[in-house]
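This briefing is meant for a reader meeting the structure for the first time. The points below are grouped by topic.

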Amino acid sequence: MGQQQGVRPLSGIRVLELTSGIAGPAAGRHLSAMGAEVIRLDSLKRPDALRLTGSGWARDQHPGVRLDTGPMFSEFMAGKRSLAVDAKTPRGRDIVLQLVEHCDVFIMNMSAAVPAGLGLDAGSLLERRPDLICCLMPGFGMSPSRYHDYRAWGPNLGPLAGLDNLTGWPDRAQSGLGTASCPDYTSAGHAAVAILAALLHRDATGEGQVIDLSQFESTVALLGPLLALYDDTGVERERCGNGATFGCPRGVFPTVGDDQWIAIACSTDDEWAALCEVAHGEPFAADRTLANETGRHAAGDALTSGIASWTSRWLALELAELLQRSGVPAGEVHDQAGVLTDPQLRARRTIRPVPSTRFGRDLITAFPPRMSGAATDLQCTGPMLGEDNDDILGNLLGLDEDDRMQLADDGVIDSPVHPEVRLRRPYVDWVRYVIPDPDWAGVDV
Amino acid sequence: VSGAALAGLRVVDLSDDSCRYAARLFAGLGADVTRVHDGDERTTGLREHWDAYMSAGTHSVGGGRGWQSWCSELADTADVVLVGGVERAEAVHRLRLRETRPSLVVCTVTPFGRTGPRRGWHGDDLIGWATGGLAYTSGDPDRPPVAPAPEVQLAHSLSAQYAVIGILGAVRQARQTGRGQDIDISVQDCVVAISGETGPLLWLDDLIMRRRVGNRRKLSAPFGQYPTRDGYVSIVAGMPAHWDAMAAWIVERTGNEGALDPSLRGGPQSRTGSAWDVVNLFTEELTRTYLKQEFFEEAQRRGIPAAPVNTIASVAADPQLEERSFWARQRMPDGRYVRVPGAPFRMSATPWRCGDPPAEVAPTLEVLRESFAQPAS
């Protein structure tokens with residue numbers, strides 16, 4: 001799908017983001033991808049969690065430079081600008097409030113007590129900009145409540161909302177969600193949906209509003225069918241491996257190689273019949289008692305073992321292609337290297353290089369909605385801390401160079417640390433062979 | 001409070017599982033959502049509650065003719081057509097709806113997207129997790145990879161959210177320019193898009209292959225899930241202050257002064273390697289003396305990020321959700337009521353609308369229009 005460059009759904013919208021971790025930054029990233037100018041508030045004294053991760057290979061760099069190196073920071077802050085201001089100082093707070101007057105959207109995902117503590121509560125912000133869309137997304141919502149001041153981290157929200165207990169095998173303790181904190185991403189998605197809806201409402205009426213997004217509630221909302229079933233019947237769903245509710249067989253099976261697997265998901269008897277044609281000669285393929293889903297469920301572990309015995313003689317890629325050609329949903333279980341070399345992801349440029357101040361170019365993942373009539377390319381990776389101080393303070397707020405120097409001297413703003421330093425990722429020499437992309441031609445390393 | 005955020009927006013819903021949650025979001029935000037019913041939905045067990053939850057606040061039309069015919073007719077006055085599945089996506093594009101309705105936004109959600117060598121491949125939530133690289137890191141080290149909470153269909157929740165995000169952006173653009181557009185969403189892309197913590201970009205940077213680790217992570221301790229008297233709690237205490245608070249609590253509750261060992265203090269690295277096992281043992285000594293909710297509230301009081309590993313029943317009984325009046329009542333198609341989650345977010349000027357699923361499929365557009373005129377229960 002060709003994209004029209006230049007036309008963007010959120011052109012002219014400015015977003016101010018005081019966020020940390022993933023949920024808040026990911027919400028701002030969505031808006032940036034659709035053309036909003038997103039300004040994030042940074043701090044050298046209190047860097048956010050993603051800046052603190054840094055890159056292992058950059059340990060010898062100046063600590064301030066290292067704050068710009070983490071791949072997660074590059075990824076989740078892509079497309080944004082950075083103003084490094086200490087919002088805890090009175091002058092810093094004034095700057096933030098002045099900036100709010102120039103913004104359409106404000107996003108904060110700190111604990112519920114933080115906005116008021118900083119003097120940046122919704123009331124103060126809307127006083128400065130009455131048509132502001134103010135999205136506050138703490139763990140447990142803004143209204144006074146039992147968990148109001150509790151700390152919420154992505155890895156704890158999954159367990160709290162019931163997701164971790166549903167992940168893993170019925171004969172063991174739960175495996176948990178693993179290394180991806182799904183509630184962070186789904187909360188970010190809900191925040192972006194709410195902000196966009198609020199923008200449409202503002203376009204029509206001129207009215208701004210406050211969005212109170214409890215990440216806990218936002219996550220529990222995804223479990224609606226299971227909670228409705230429980231309320232209705234008392235039946236409590238439990239973890240079930242890869243889940244056979246929506247068809248059988250549905251699971252992950254071993255293939256040739258160390259820790260290599262294929263996922264197969266038959267949801268109809270026709271798909272099972274197609275799989276049996278591919279597996280012609282295997283005992284399970286000739287077993288008529290397995291022709292319908294009831295029979296396959298009844299076969300249980302014996303069927304799983306039979307399929308595993310068959311798949312273990314195949315390469316995952318070859319078998320996935322064969323099954324798909326026969327109409328059976330299947331796919332390789334990619335490790336991280338597999339994602340990089342996946343032909344579909346390569347063709348769609350799902351992982352792509354974009355300009356980066358520190359690195360010349362750096363890799364990020366593409367914004368999933370591919371729009372025929374709008375450019376949704378993120379324009380750059382995460383910015384250097386304080387990279388846009390001069391432009392934002394000077395051109396937007398009208399502070400001259402002397403004012404800005406005074407703010408720096410007073411510790412109200414943090415200037416970029418060694419902005420002249422240019423770095424190179426350790427993989428730059430070879431990654432262009434994995435991700436063929438014309439944009440790599442412009443790599444300056 | 002001034003009404004619904006998406007009042008007047010007309011959505012034709014041809015979603016499958018991969019974007020069904022989008023219909024619920026649109027309806028909750030006040031759009032007029034019409035699902036074209038083609039009679040093949042299964043309605044038993046969890047599926048019955050899935051359908052009812054996802055179609056809350058929507059209307060349904062169908063019967064007598066093919067879904068393409070309904071779609072074409074509805075699209076003449078619609079703003080958005082939402083489509084799920086490979087075959088339907090291609091069929092909708094063959095209808096060339098935007099030729100007669102240039103402002104229309106047509107969004108398709110398919111397992112692998114509408115471009116690329118695998119554009120015709122089939123998939124589902126599990127295939128999305130697998131090919132997006134995140135099933136590989138989910139599960140126990142000695143077992144096959146697993147999809148996170150498979151019956152929740154989280155990958156499909158993501159693709160549905162991305163569909164709504166793209167659509168609302170395109171609607172805004174259409175209102176400014178008069179021109180609609182096509183949106184192509186791949187479930188695989190959506191999973192890759194949330195792999196920043198564990199995916200290929202990290203692997204490229206440090207060449208450390210992330211694998212399945214079960215319910216504890218080696219980054220530090222305590223970091224993961226620990227047994228209590230009635231289940232498990234999750235603790236993420238990587239920061240220095242978190243461990244100091246944990247150590248003091250361990251000593252206070254169990255008398256184990258080993259937790260005060262100076263070598264364990266400091267950042268997350270101080271509690272890795274051989275210290276990781278020791279700290280986990282100390283932590284278990286503590287957690288086993290508590291009920292999970294009791295541990296959660298005490299940990300939070302002490303400034304330690306922790307949470308109970310809740311079951312469906314314990315989520316349903318959570319006091320915070322009750323206190324925030326989170327729950328809603330929803331009428332099932334046969335008239336009985338069930339308790340369901342309420343708004344995923346609260347908007348001060350345009351509140352979420354908790355609707356019911358359609359009681360019946362309207363056989364004509366006239367009947368459909370009458371159903372829109374009926375007040376929600």
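**Chain A and the model as a whole**

In chain A, among contacts with a separation of 6 or more, 71% are between residues 24 or more positions apart. The model is predicted, and it scores ipTM 0.97 and pTM 0.97. Chain B has an average pLDDT of 94, with 97% of the residues at 70 or above.

- Chain A contains 20 helices and 12 strands.
- Along the principal axes, the C-alpha atoms of chain A occupy a box of roughly 85 × 55 × 45 Å.
- Of the 445 residues in chain A, 62% are buried.

**Nonpolar cores**

- The largest nonpolar core holds 163 residues, and the ones with the most contacts inside it are A:I211, A:L323, B:L6, B:F26 and B:W129.
- Helix α9 of chain A (residues 182–205) contributes the most to this core, with 13 residues.
- Beyond residues up to four places away in sequence, A:L323 touches A:I262, A:I264, A:L275, A:V278, A:W310, A:V328 and A:A330.

- An open sheet is built from 7 strands in the order β12(A)-β6(B)-β5(B)-β4(B)-β1(B)-β2(B)-β3(B), with mixed pairing.
- The edges are β12 (370–371) of chain A and β3 (59–62) of chain B; each has a single partner strand, so one side of each lacks a neighbour in the sheet.
- Strands β1 (residues 10–14) and β4 (residues 80–84) of chain B run parallel and are joined by 4 bridges, with B:V12 opposite B:V81 in β4(B).
- Helix α1 of chain B (residues 20–28) packs on the sheet, where it touches β1, β2 (32–37) and β4 of chain B, and its direction makes about 145° with that of β2(B).

**Strand β6 of chain B**

- Strand β6(B) pairs with β12(A) in the antiparallel sense over 2 bridges, and A:R370 stands opposite B:D184 of β6(B).
- With β5(B), strand β6(B) pairs in the parallel sense over 6 bridges; here B:T110 stands opposite B:S186.
- 6 of the 6 residues of β6(B) are buried, so the strand is largely enclosed by the rest of the structure.
- Both faces of β6(B) are covered, with B:Q181, B:I183 and B:I185 buried on one side and B:D182, B:D184 and B:S186 buried on the other.

**Helix α4 of chain B**

- Helix α4 of chain B (residues 86–94) lies across β1, β4, β5 (105–110) and β6 (181–186) of chain B, at about 155° to β5(B).
- The buried residues in α4(B) include B:V86, B:R88, B:A89, B:A91, B:V92 and B:H93.
- Their cover includes β1, α3 (67–75), β4, α5 (97–100), β5 and β6 of chain B.
- After α4(B) comes B:R96, which has a positive phi near 50°.

**A buried glutamate**

- B:E284 is part of helix α11 of chain B (residues 274–287).
- Its relative accessible area is 17%, so B:E284 counts as buried, the cut-off being under 20%.
- Apart from neighbours within four places in sequence, B:E284 is in contact with B:R216, B:Y226 and B:P227.

Terms used. Residues are numbered from 1 along each chain as its sequence is written. Chains are lettered from A and ligands numbered from 1 in the order in which they are written. This is a predicted model: local features need pLDDT of at least 70, side-chain atom pairs count only at pLDDT 80 or more; totals for chains, interfaces and linings use all residues. Side-chain values use heavy atoms; hydrogens and water are left out. A nonpolar core is a set of buried Ala, Val, Leu, Ile, Met, Phe, Trp, Tyr and Cys residues joined through side-chain atoms within 4.5 Å. Buried means under 20% relative accessible area, exposed over 50%, partly exposed in between (1.4 Å probe, protein chains only). Contact means heavy atoms within 4.5 Å. Two strands pair if DSSP finds at least two bridges between them. Axes are lines fitted to C-alpha atoms, for helices over the stretch in contact, and angles run from 0 to 180 degrees between N-to-C directions. pLDDT is the predictor's confidence in each residue, from 0 to 100.
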